[in-house]
Amino acid sequence: MSRILIAGCGYVGSAVANRFHGAGWDVEGWTASRQADLPYKIRIVDLANEDSVKRAASNFDVVIQCASSRGGNAEDYRRIYFEAARSLTSAFPHALFVFTSSTSVYPQTDGEWVTEESTAEPTRETGRILRETEELILSQGGIVARLAGIYGPQRSALLQKFLSGQASFTDRFVNQIHRDDIATALQLLIDQKARGIFNVSDHHPLVQRECYAWLAAHLQKPLPLAAEEPRDRKRGNTNKRVSSEKFQALGWSPHYATFQAGMLESVLPSFGL
């Protein structure tokens, strides 16, 4: 039985862990805080602390680092991503390593399609730390999965802003990926022993205006106001369309192929809507 460590077993990580557990893998999850009882071993480990990682270490065939910064600053990013990656790769030098990065590393602002070959030179310090972490993983022969905006049961930044009345929109493109499709994507990358960088998106970007117009029509609520100017977003005011063609060429396709499909089948019911 193959052994896999999910380093960061939170919203995305727990879905990934469940997927591998269901496929017969020996799963262990590491978190920063206690979790509800799960059918696999969970341990509280500070991923950025090399001694803490080494004390908890055992033999794993695969390590997936998918901890979240939860909107932190540059200092948080360095600790949660780069320092954690350095500790984990040191502790497990022979494991296949997967790092879940972000499509926020693409700085494009003119709405163009971006692929894994496109320029990825972020203007924000947080994005530069992600790129530094990516390079560390790639130097170890690992996999970098650049995730689009994550949504799923009980989670959608667009929907939550819409429902709270805090939403406003521009004509910026929004790139999304459902949490459960991330789990199937990572499983395929590992099963195929892939290497390198892969974008993980549903390949159906929408203009932000279209997202809110669809929500307004479906929920029979007023359309939010247009923003007078782009807001100073934590990940930068980028505007691009993220291609997942490289990944789909491996045989992967998302179950939730569009924002609307994911909302109708998964997200809105989880909000009682």
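The model is predicted, so local features need pLDDT of at least 70 and side-chain atom pairs count only at pLDDT 80 or more, while totals for chains, interfaces and linings use all residues. Residues are numbered from 1 along each chain as its sequence is written, and side-chain values use heavy atoms, with hydrogens and water left out.

Let's start with strand S7, residues 143-147. Helices (H or I, at least four residues) and strands (E, at least two) are DSSP runs, numbered from the N terminus. In S7, 5 of the 5 residues are buried, so the rest of the structure largely encloses this strand; buried means under 20% relative accessible area with a 1.4 Å probe, protein chains only. Both faces are covered: Ile143, Ala145 and Leu147 are buried on one side, Val144 and Arg146 on the other.

Who sits beside S7? Strand S5 (residues 96-102) runs parallel to S7 and is joined to it by 5 bridges, with Thr100 opposite Ala145. Strand S12 (residues 196-200) is also parallel to S7, again through 5 bridges, and here Val144 faces Ile197. Pairing takes at least two DSSP bridges between two strands.

Now for the helices. The axes of H3 (residues 74-91) and H4 (residues 125-139) come within 9 Å and cross at roughly 5 degrees. That makes the two roughly parallel, a label for angles under 35 degrees. Axes are lines fitted to C-alpha atoms over the stretch in contact, and angles run from 0 to 180 degrees between N-to-C directions. Contact (heavy atoms within 4.5 Å) involves residues including Tyr77, Tyr81 and Phe82 of H3 and Ile129, Leu130 and Leu136 of H4. The contact residues divide into 9 nonpolar, 3 polar and 4 charged; Ala, Val, Leu, Ile, Met, Phe, Trp, Tyr, Cys and Pro count as nonpolar, Asp, Glu, Lys and Arg as charged, and the others, Gly among them, as polar.

Technical notes:
Buried < 20%, exposed > 50% of the residue type's maximum accessible area, 1.4 Å probe, protein only. Parallel < 35°, antiparallel > 145°, perpendicular 65-115°, else oblique.
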